[in-house]
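Thank you for making time this morning. I would like to walk through one structure with you, and I will ask you to keep it in view while I talk.

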Amino acid sequence: MKRTGNRNKNVRKFIPAARIVFAASILLIIVLLVQFGAKAIDEKSAIETKQETIHVPADNTASAADSSSLTVGIFTALNAKAADTQTIVKEGITGKEIEETETPKAESEETDASDIDYMVTDYAITVYENVKNYYSNDRVNIRSGAGIMFDRLDTIARDSKVEVLGETDNGWYQVKHDDEVGYIKMDYLQEKEPGTEYIFAGDSRTVQMSQAVDKDDYEWIAKVGEGFSFFSNEAVPKIDAEAGSGSTIIINYGVNDLYNAEKYIKLINKKVDSWIAAGATVYYAAVTPVSDYPTITNSDIEEFNSEMKSGLDSRIGWLDGYSYLQNKGFSSGDGLHYNSDTYKTLYTYYMNQVAAQKEA
């Protein structure tokens, strides 16, 4: 009996300690649940803030006569979190949109949307009294709001006619597209219909370049074995018809008639005023080198190029493909014409030079 009494006494001493541990555990669980719930609410609020979408009413034209200013909210990108992701590059952004960022990255790189901080800001839309018809001067995206972070509704080609409803104070046009209201950056639209983007005029080398680069949307005015007569009678009228706002004209004749430099200079200088007035920029591409060709020497080509460069109007750009290929190297099967890779390399040189001079 004494042993039994001692056992019961020990149990009674243990019971209060167990209750204290149990109560503490319950309290700890409650505290953890409260903290977890508060964190979940904060994260939900943050997500809802970042995913907020502002819808612009499609019927903004109802008050067009008043030319009223409408204020809507948009997301504006501040910066990327990491120092090496400062540029906002999202799917569908075209060249000019990328230029609006601080430091353009390689075309293959994209910044993840989760790495971009956003804030809500306002822009005002001034609705025009009358709808205006503009033209796209490049391939361009139509977005759901006035900013490159908005969804892309569609992409239109260069020289597309667009109905413009108004403009924002942050550099975008409000447009009507397929019964929807969208936005296009102002840099992409112009009142005057643009001309053909690139116009190449030349001889057999131009013919073969067109085959190598395969740019069907450009105008290639070229024929094998031709020179000044073809340029004057056939190429110039076609250039007149295709040249317009935003056109780039690249002329490359001479290898078949190096003795006609004076005639080329006189005709091109005569036409340059009208081409520039139409909105085009004009370049002459130097005759490029030959390799052991029996009837043409590089000395003759250098003399022709020197006379052309010094005699052409100063407003005509000079593309020195001759020096470029001499330094870069080239491959020719017959001494006069090049292989496909050389033509592609020369074409890239032309495009880079044109782009650099446009930026200058």
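I will begin with the nonpolar cores and then turn to one helix and its neighbour.

Please bear in mind that this is a predicted model. The largest nonpolar core has 37 residues, and the members that touch the most others are Phe 231, Tyr 284 and Met 308. Two or more residues each come from strands S9, S11 and S12 and from helices H4, H5 and H6, with H5, at 7 residues, giving the largest share. If we look at Tyr 284, leaving aside residues up to four places away in sequence, its contacts include Ile 251, Tyr 264, Ile 268, Phe 304, Met 308 and Trp 318. There is also a second, separate core of 19 residues, and among its members are Tyr 198, Tyr 283, Tyr 343 and Tyr 350.

Tyr 343 and Tyr 350 bring us to helix H8, where both are among the buried residues, together with others such as Leu 346, Met 351 and Val 354. Against which elements do the buried residues of H8 pack? They pack against strands S9, S11, S12 and S13 and against helices H3 and H7. As for its length, the 20 residues of H8, at 1.5 Å a residue, should span 28 Å, and because its end C-alpha atoms lie 29 Å apart, the two values agree.

Finally, H7 and H8 pack at an angle of about 130°, their axes being 11 Å apart, and the two helices are therefore oblique to each other. Their crossing is right-handed, and the contact is made by Gly 321, Tyr 324, Leu 325 and Lys 328 from H7, with Thr 342, Thr 345, Leu 346 and Tyr 349 from H8.

Technical notes: Residues numbered from 1 in each chain as written. Predicted model: local features only at pLDDT ≥ 70, side-chain atom pairs only at ≥ 80, totals over all residues. Heavy atoms only, no water. Core = buried A, V, L, I, M, F, W, Y, C linked by side-chain atoms within 4.5 Å. Buried < 20%, exposed > 50% of the residue type's maximum accessible area, 1.4 Å probe, protein only. Helix = DSSP H or I, 4+ residues; strand = E, 2+ residues; numbered from the N terminus. Contact = heavy atoms within 4.5 Å. Expected span 1.5 Å × (residues − 1). Axes fitted to C-alpha atoms, helices over the stretch in contact; angles between N-to-C directions. Parallel < 35°, antiparallel > 145°, perpendicular 65-115°, else oblique. Left-handed = near helix turned anticlockwise from the far one by under 90°.
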